[in-house]
Each structure stands twice: as C-alpha cells, then as structure tokens.
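Hi,

Here is the structure I promised to pass on to you. Have a look at it first, and then read on for what turned up when I went through it.

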Amino acid sequence: MPGLFFLNGDFVSPNKAVTSIFGPGFLYGQGLFETMRSYNGRIFRSDSHIERLINSAPLIDLNLEFDKNYLKDILISSLKKSGLKSAYLRLTVWQGQSKANCAVFVEERGFFKREDYEKGFKAIISGFRQNEFSPLSGIKSSSYLYMLLAYKEARKKGADEALLLNTKGFIAEASRANIFLVKDNCLVTPLVSCGCLPGITRDTVLDIARKEKIKTFEEEVTPEDLARSEEAFLTNSLIEVMPLVIVEGAAIKKGSPGKITETILKRYRGLTEK
C-alpha cells in the first residue's frame, strides 16, 4: 500500500482517500495516468511526463483545471513528504461528476536488481492486439484492461512480458513497455504510428543512441525481425532498460544481454544519477 496519498488538494492516509464512484472516470475509465521514478530525491523527467498527460487530456475530453506547474509542485511535495529518495510515483487524473480529480501516490518499491538485468526478460506474443488507428493507443489511458490482461497472460505462461501486435501484424509494444531491437549494429524500434506509446524512456534511449553515434531507425517491425535480431530490450520508467532474451521460448541470438543494450543501460543510469 502507498505510504502517502495526495487527493484533490489534501494529503491523506491511503485508507482515508475517498472519491465518488459515480463519475465517468470510475465508471468508464475516462482518465489518464503517469508512472515515474525518483533517484536521490529527484523525479526523473517529470516535465516530460506531465506534458504528455496534459497533451493527452483533450483526446479523451478531459477538462483539466490543473496546469503544468501545479502538477509538478504536487509531485515534488508528495515525494518530499514521503521522505523517500528512491521511489515509485503515480500521477492520476480522471473525470468526476462535475470536474476532474487529481491524485498522486508515492511508495517505496523493490526495483529490479543487477541479476535481473544480467538474466533478462522472457516474453510471449499476446493474443491481444493493439489498434494503431485508435487515438487511445498513443496515450496512458486509465482504460487499461487489455494491457492488464495481456500481462496476466504472460505471467500465466511463465513470462515476464507480453508483446502486442497491431492489426497489420507488426509489433507495436509490450503491455507495459516499449521495445527495441538491434539489427546490423543499428537500433530499431516500432514507429509510433504502429500503435506504440511515445514512451518517455523510449525518447531518452533514442537520444542516448544518437549521442553514442548508434544509428537509429523507427520502422515497422515483424516478429520475424525480432527473432532474427542480434539483441533486444524493453524500456519504461520503472524497468529502465531491460534486456529481452527469450520470446515465445526461443532465444534471441545467444539468449543473453547484448553489448549495445548494456551500453544504453549504462548511459541511462548515468543520466538518472545526475
């Protein structure tokens, strides 16, 4: 359970965080969320997360009364009040009966360890499909059921993640992450138009790759491309840069993290330490 909860202007204990069940946010999932990590008491790329949330609001007809500065202030205040340096933060906004609601919770989490990155993730190809034509495919909507079910599908099969294809059969993303693969020493990731979320960590990785003089391509990616790749990894704010070593029971290359993946992770960690 979160150690601290901000709800509509007040800090309350989790068991006293109460909201109406009659608003469209609760009844129909008309809401947005962002998940972030803090390092050494500072939230990594909070501005980018907030901007994505604000830009997404008109797509679901969510009339936010909160501006960027307000949302940033409550994130910083929530982290400070929690007393945590390394933490998980979730910002959620959703439509109430008359106006939008806003909540932040902060909690201490056991993030992934060194051995997790040395071992890497296993993934399946999910039976759920991403609709690349839907405006919801590019936002962090509270209507997250099919992503949740895809993830549960993976866990039931002993995997760590589920990869979702789009309606054309191209890889869109994972249930909780963006995907990258390495081909001919170049970095490849699905186009946003393929139905993937324009992830904040995805954007950071693309920037790192450019600075490292690694050629990058955003293009349509098939499951066969992934199977033939030299290495692959998943990205989001919580897992950072996680090697993907097995898909549908078959190893990618040698079934172990690759050098480019390790370089990207090292540079990413360097940014978070700053």
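**What was found**

Let me begin with Glu 240, whose place is in strand S14 (residues 240-247). Please keep in mind throughout that this is a predicted model. Glu 240 has a positive phi of about 65° although it is not a glycine. Is Glu 240 buried or exposed? With a relative accessible area of 2%, Glu 240 is buried, because buried means under 20%.

Lys 213 is another non-glycine residue with a positive phi, here about 60°. Lys 213 sits in the loop between H6 and strand S12 (216-219). Its relative accessible area is 74%, so Lys 213 counts as exposed, the cut-off being over 50%.

**Helix H3**

Which residues of H3 are buried? They are Leu 71, Ile 74, Leu 75, Ser 78 and Leu 79. Looking down the axis of H3, you will find these buried residues within an arc of 130°, so they line one face of the helix. The general rule behind such a pattern is that an α-helix has 3.6 residues a turn, so residues three or four places apart point the same way. On the face of H3 turned away from the buried side are the exposed residues Asn 69, Lys 80 and Lys 81.

Both ends of H3 have a detail to show you. At its start, a side-chain oxygen of Asp 67 comes to within 3.3 Å of the backbone nitrogen of Asn 69. Just after H3, Gly 83 adopts a positive phi of about 75°.

**How H6 meets H8**

Two packed helices are described by the angle between their axes and the distance between the axes. For H6 and helix H8 (residues 259-273), the angle is about 110° and the axes are 10 Å apart. That makes H6 roughly perpendicular to H8, because angles of 65 to 115 degrees count as such. From H6, the residues Thr 201, Thr 204, Val 205, Ile 208 and Ala 209 meet Ile 264, Arg 267, Tyr 268 and Leu 271 in H8.

Take Ile 208, which lies in helix H6 (residues 200-211). At 5% relative accessibility, Ile 208 counts as buried. Not counting residues up to four places away in sequence, Ile 208 touches Ile 264, Arg 267, Tyr 268 and Leu 271. Ile 208 and Glu 262 are 54 residues apart in sequence, while their C-alpha atoms are 12 Å apart in space.

Ala 150 belongs to helix H5 (residues 145-156). With a relative accessibility of 0%, Ala 150 counts as buried. Leaving aside neighbours within four places in sequence, Ala 150 is in contact with Ser 126, Phe 128, Ala 162, Leu 164 and Ser 175. Between the C-alpha atoms of Ala 150 and Asn 15, which are 135 residues apart along the chain, the separation is 30 Å.

Ser 56 lies in helix H2 (residues 46-56). Its relative accessible area is 5%, so Ser 56 is buried. Which residues is Ser 56 in contact with, leaving aside its neighbours within four places in sequence? Those contacts are with Leu 32 and Ile 139.

Best wishes

Note on methods:
Residues are numbered from 1 along each chain as its sequence is written. This is a predicted model: local features need pLDDT of at least 70, side-chain atom pairs count only at pLDDT 80 or more; totals for chains, interfaces and linings use all residues. Side-chain values use heavy atoms; hydrogens and water are left out. Helices (H or I, at least four residues) and strands (E, at least two) are DSSP runs, numbered from the N terminus. Buried means under 20% relative accessible area, exposed over 50%, partly exposed in between (1.4 Å probe, protein chains only). Contact means heavy atoms within 4.5 Å. The arc is that of the directions from the helix axis to the C-beta atoms. A polar contact is a pair of N or O atoms within 3.5 Å; within protein, one must be able to donate a hydrogen and the other to accept it, and residues adjacent in sequence count only if both atoms are side-chain atoms. Axes are lines fitted to C-alpha atoms, for helices over the stretch in contact, and angles run from 0 to 180 degrees between N-to-C directions. Angles under 35 degrees count as roughly parallel, over 145 as roughly antiparallel, 65 to 115 as roughly perpendicular and the rest as oblique.
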